[in-house]
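Look at the model below and follow its charged side chains.

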Amino acid sequence: MTDSPLPGAPFPLDLHTHSLISGHAYGTIREMAQAAAERGLELLGISEHGPGIPGTCEPIYFSNLRAAPRRLYGVEILYGCEANVLNDGTISLKTYDDRVDYILAGIHTQCYQDAGRARNTENVISCMRHRKVFFVSHPDDDHTPLDYERLVQGAKACHVALEINNSSFLKKEKRLNCVENYRTMLRLCQLCRVPILVSSDAHDPDAVGRFTEAAAFLAETGFDRSLILNTSVERLKAFLRSGTA
C-alpha cells in the first residue's frame with residue numbers, strides 16, 4: 001500500500017490499542033479486529049497494559065500469546081504490551097516479555113511518581129534499552145516533564161520510535177502542554193531523523209483507526225512522511241526487524 005495522505009485516508013495500521021483485558025477498555029480482541037477491518041486497516045496491534053495499572057491482566061496472559069489468533073476478519077494481528085516506566089528505570093513487565101511482538105514503554109501516573117525532568121528522561125531512556133521496547137507511548141504530558149532533546153537523542157541511539165497519540169489531543173485539558181510538547185518533539189525528530197508512530201490508543205472498538213487530530217497536526221507542522229512508521233505495514237515491519245532495541 002502506498003503512503004496514506006495527511007490528512008485524509010486512515011493509516012493502514014494501528015499498533016497501540018487496548019481490549020477489555022486491560023481492565024478499563026470496552027471491546028474484545030475480536031470486536032477490535034472487526035472495527036479495524038471495517039475501517040480498512042491491514043494490521044492491528046493489541047497492546048494490553050502491563051502490570052501496575054489497576055485492573056489489568058496478570059503476566060500469565062502474555063505467556064500464552066502463541067495461542068492467540070494472528071488474523072481476524074482479514075486483518076493481521078500483532079500482540080504487544082504497553083509497559084509502565086518505573087521510577088527505577090525499568091519496565092513493569094518483568095516476565096514473559098520475550099513473548100510479545102513489541103513493547104511500548106510509557107509513564108503512567110498510577111504507578112510512577114514525578115522525579116523531575118532530568119530523572120524522568122533518564123528513566124524513559126533506560127527503558128528504551130530493553131530489547132523489545134520499540135516505542136515510547138504518549139511522551140507529551142508535563143505532569144511528568146521530559147527533556148525532548150535528550151529523549152530524541154536517546155530514541156535515535158536505541159532504535160526507538162516516539163509516539164504521537166491521537167487520544168492525547170482529545171483530552172488536552174488533562175495532558176499538560178501536550179500540543180506544544182509534540183511540536184517540540186516533532187521538530188527534533190525531523191532534525192535527527194527519528195521515526196514516529198501515530199496511534200489511536202483506542203480503548204473501545206469505535207476508536208480503532210481514529211487518527212483525525214494527530215493526522216491534522218502532522219499536516220499542520222509539515223512533518224516528513226518518510227519518518228511516519230505506520231504509513232505502510234512494510235515500513236513498520238522493517239523497523240521491527242532492523243534493530244535490537
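Which residue forms a salt bridge with D101? The partner is R70, and the closest N and O atoms of the two are 2.6 Å apart. This comes from a predicted model. D101 sits in the loop between β4 (75-84) and β5 (102-106), while R70 sits in the loop between α2 (60-63) and β3 (71-72), so the pair ties together parts that are 31 residues apart in sequence. D101 has a relative accessible area of 24%, which makes it partly exposed. R70 is also partly exposed, at 38%.

R119 forms a salt bridge with E122, with 2.9 Å between the closest N and O atoms. Both residues belong to helix α3 (residues 117-128), where they are 3 residues apart, about one turn of the helix. R119 is partly exposed, with a relative accessible area of 37%, and E122 is partly exposed at 33%.

The next pair is D224 and R193, which form a salt bridge whose closest N and O atoms are 2.9 Å apart. This pair links distant parts of the chain: D224 is in the loop between α7 (212-221) and α8 (233-242), R193 is in the loop between α6 (178-192) and β8 (196-199), and 31 residues separate them. D224 counts as partly exposed, with 26% relative accessibility. For R193, the relative accessible area is 41%, again partly exposed.

Salt bridges can also join into a network, as they do for R39, D206 and R210. How many salt bridges does a search of the whole structure find? The search finds 11.

How values were computed. Residues are numbered from 1 along each chain as its sequence is written. This is a predicted model: local features need pLDDT of at least 70, side-chain atom pairs count only at pLDDT 80 or more; totals for chains, interfaces and linings use all residues. Side-chain values use heavy atoms; hydrogens and water are left out. A salt bridge is a side-chain nitrogen of Lys or Arg within 4 Å of a carboxyl oxygen of Asp or Glu. Helices (H or I, at least four residues) and strands (E, at least two) are DSSP runs, numbered from the N terminus. Buried means under 20% relative accessible area, exposed over 50%, partly exposed in between (1.4 Å probe, protein chains only).
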